[in-house]
Amino acid sequence: METKAVEERLDGAAAWTVRIDADDVLVGDFDGIGFEWDPCDTYEHTDEQWETLLERVDFTRTPLVRVMLRANAYTASWDERGDPVYDWETPMMRRLWRILDHCERRGIDAIVGEWSRSPELGLTASDDPAWAELIGEFLHQLLDVRGYRCARWYNFINEPNGDWATEDGDRFALWRRGMLQLAQVLELRGLAGRIGLIGPDSSNEDEWVELAVYGVGGLLSAYDIHRYVQDADLISGRLERQVREKRRFIDRNDPDGAAKPYLMTEAGIVEGKDEAHDQQPRVRTFGYGVLMADFALQAMRGGQSGVIAWMLDDVMHHAKGYPWSSGEWKTWGFWNSSGDEQERALRPWYDPMALLSRLFPRGSRIVAASVWDDGRLPGAGGVGGAEGAGPETGGSGGVSAGELGVGGAGGAGPGTGGSGGGSLGEPGAGGVGGAEGAGPGSWREPVSAGVRGVAALVPLDGGGNGWSAAIVSHRQGRQSLRLVLPQASGGADLAVYRCSERERPADADGYPAPALTLSGADAARGIELELYGPGVLFVTTATPEDGPHGRQTASRQTTLAVAGREPQRPEAFGLSWGVQPFVDSGDLALVRPASGSISLHHRGSGPECAVDGLRHTAWRTRVRGEHEIAVRLDGLRRIGRVKLEWGEGCPSRYRLEASADGANWTTVLDRNGEEANMRLNPVSPGTSASGGEGPEELAFPTIEAAHVRLAAIRPAGTLGLELRRLSVYGPDAASADVPAAEAGAGGGGAAASPRDAADLRDASDPRDASDSSDPADAPDSTDAASAAGAPKGGGRR
């Protein structure tokens, strides 16, 4: 079964613009893309097979794996006194040590854990204190005796919400009691803090995240879930919204939540699965790779710091419903070591997942990338709904595989949303996004069903940053796109990878290779590219080094060591990261001192969180009364524009004030629910002071100030205030000395084209957009950098 590609509904070319916003940080410290790498149930790799496996792991440059076993792998029995008899050299443990040895050599972080209790040892209850003691001894062996530093988190019980993992009853209460007992054992053994606890590890039941925050949040150093999804969950963007919801819940309700990673520790597609045998035959198809790449992108866009794909090699686990002697394995891997020549070869979904792992390394900053359809203007009406009303309107919609038929972003004047509905999923929501039109246009993502992008800024140990971008398209046929990184300064050498059914360039050993390279490409002006869909496109400043897979020469630049963790060894990287110069963001408030009303007693909730540049933190206040937040600039500066991004707690009114000395204040804007005439770039419905969630950008006559504050802020509802971003800018071409009447009134402004809008400095939050669009096909064209860059080759596998 292949990916359900969005059907063609528009005539003409499928041409889109992908705009990277380097200032819009979705994940500040990325943990990476990895895979499940368990010791095999019974299979023993030959030396040759193991070397092949390690080479394939090395090519991915994975920084993160998950490794699971059970206590019966290292506990042989109980002696006459009732004490456990351990055996650390069983076949299963030798397989485990071999995996962890490689993780240690390569600097790969490992999530280590246990599937469930071991009834054959008499452990029939998930909260049995004896099991916690066995785990304590295992971790002592791991950390103290064998000295592994790669073990970063411990996962107590795989999918404890399932009947395959825990006994009947209140499963969360059982898991919580077991966690409390384990935490006590770790404390007594002096292991607390040396390996973090991660949870709840629930499968397709995200409510356990909320239970974990309230029940064991103080014990956890990271949160995780598993998701096995339908195709429509991905094509519609539903997964991204679900991930974002829980990321925000953690941030709001765990006092230290903003500092804790949130990971997807099993990721897979359930549609087409053989339930009787727990096998997924679609892993043999390229369409599965497009879906899994989209899975990873949506997890990143939703704020997760890591993704574990299920799984590495079929032979790790026996298939259900067959005798273990049958040789039937769980068909979920990148290959099958025990199969025929075709089964032993890399399956197509390895390519996009390996490239995501290579090009989005640990320590990256994940940033937003918004997708525009060049066939329509920013004022387009709703795809999945009827057209918006205004000078520029889009066509009526309807998405072949959408979750919602969503009303549009409005026309260029006052617009109305539509009544539409998707052919898959729930009835369409009329009028979403159709409240008011934007004068100059906005960077909302109104037309991106089955098309998504994300990017990474990669800190380099030699200074500066590299970058990578990934774009997934479920659309059929040849598609052209223009990639824009406005904050880039000057040219950079880029490698372009294409992964599609038609074109999968590879090196002599079958590993993905660049389709072409571009010299001196100017990403700020835009880079013209193409992709044959469904497929995945990668653009990066990292280029392969000389030698087989680039593993014969040391990297000139490697990724920076993060949070005390050692960097992965350069000889395993196979990449040389080029440095991309960036212009200053222009945000005069970024990481400047901030003060304000009493916030919630959470890390990640103080006034400084509105100016830290991170999307998952926010200034959050108590409910009653008026509030204020102030930021001190770096001296006296000329200012003419602010950007505010409100979360769920929005204001009914506020004043924007400026001061040269911090004592005498001048009101430059006075906002209430009826005033919208100062809006420069309203990018989502209801972003005025009337209480709508989302970003708003406001221009005002230029003034000199050393201090800026929002004063007399009154919450619109009962949630208090949540301000995710407060940015202050000097006057520029978009806003300098703009009279109020010309700053983008709701009616009558001409909508800007995406290419004109590319010069605007700040984008809206792409994660709050409904991913809905009408697809189209594109004519053949040749990839080229718009300013410079000549193709240097690329083959077809």
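Predicted model: local features only at pLDDT ≥ 70, side-chain atom pairs only at ≥ 80, totals over all residues.
Close-up 1. A search of the whole structure finds 23 aromatic pairs. Tyr 74 and Tyr 86 form a stacked one, with 6.4 Å from centre to centre and 25 degrees between the planes. The pair links distant parts of the chain, 12 residues apart: Tyr 74 sits in the loop between β3 (64-69) and β4 (75-78), and Tyr 86 in strand β5 (residues 84-86).

**Close-up 2. Trp 115 meets Trp 310 edge-to-face.** Here the ring centres of Trp 115 and Trp 310 are 6.3 Å apart, with 80 degrees between the planes. Trp 115 belongs to the loop between β6 (109-114) and α3 (129-145), and Trp 310 to the loop between β11 (306-309) and α9 (341-344), so this pair ties together parts that are 195 residues apart in sequence. Trp 115 is buried, at a relative accessible area of 18%, and Trp 310 is buried too, at 6%.

**Close-up 3. The largest pocket.** This pocket holds about 990 Å³ of space. It is lined by 31 residues, and the closest to its centre are Trp 115, Asn 158, Trp 164, Asp 278 and Lys 330. Sorted by class, the lining comprises 14 nonpolar, seven polar and 10 charged residues.

**Close-up 4. Asn 158 and its surroundings.** Asn 158 is found in the loop between β7 (151-156) and α4 (171-188). This residue is buried, with a relative accessible area of 6%. Leaving aside residues up to four places away in sequence, Asn 158 touches several others, including Arg 66, Glu 114, Trp 115, Trp 164 and His 226.

**Close-up 5. His 226 and its polar contacts.** His 226 lies in strand β9 (residues 222-229) and counts as buried because its relative accessibility is 0%. Its side chain makes a polar contact of 2.7 Å with the side chain of Asp 201, and another polar contact, of 3.2 Å, joins it to the side chain of Thr 265. Residues touching His 226 also include Arg 66, Ser 203, Met 264 and Glu 266. Although His 226 and Asn 158 are 68 residues apart along the chain, their C-alpha atoms are separated by 9.5 Å.

Notes
Residues numbered from 1 in each chain as written. Heavy atoms only, no water. Helix = DSSP H or I, 4+ residues; strand = E, 2+ residues; numbered from the N terminus. Buried < 20%, exposed > 50% of the residue type's maximum accessible area, 1.4 Å probe, protein only. Contact = heavy atoms within 4.5 Å. Polar contact = N/O pair within 3.5 Å; in protein donor to acceptor, adjacent residues only side chain to side chain. 1 Å grid on protein atoms, 1.4 Å probe; cavity = no way out; pocket = protein on both sides within 12 Å on 5 of 7 lines; lining within 4 Å. Points joined across faces, edges and corners; volume = space filled by probe spheres on them. Nonpolar A, V, L, I, M, F, W, Y, C, P; charged D, E, K, R; others polar. Phe/Tyr/Trp six-rings, centres within 6.5 Å; stacked < 30°, edge-to-face > 60°.
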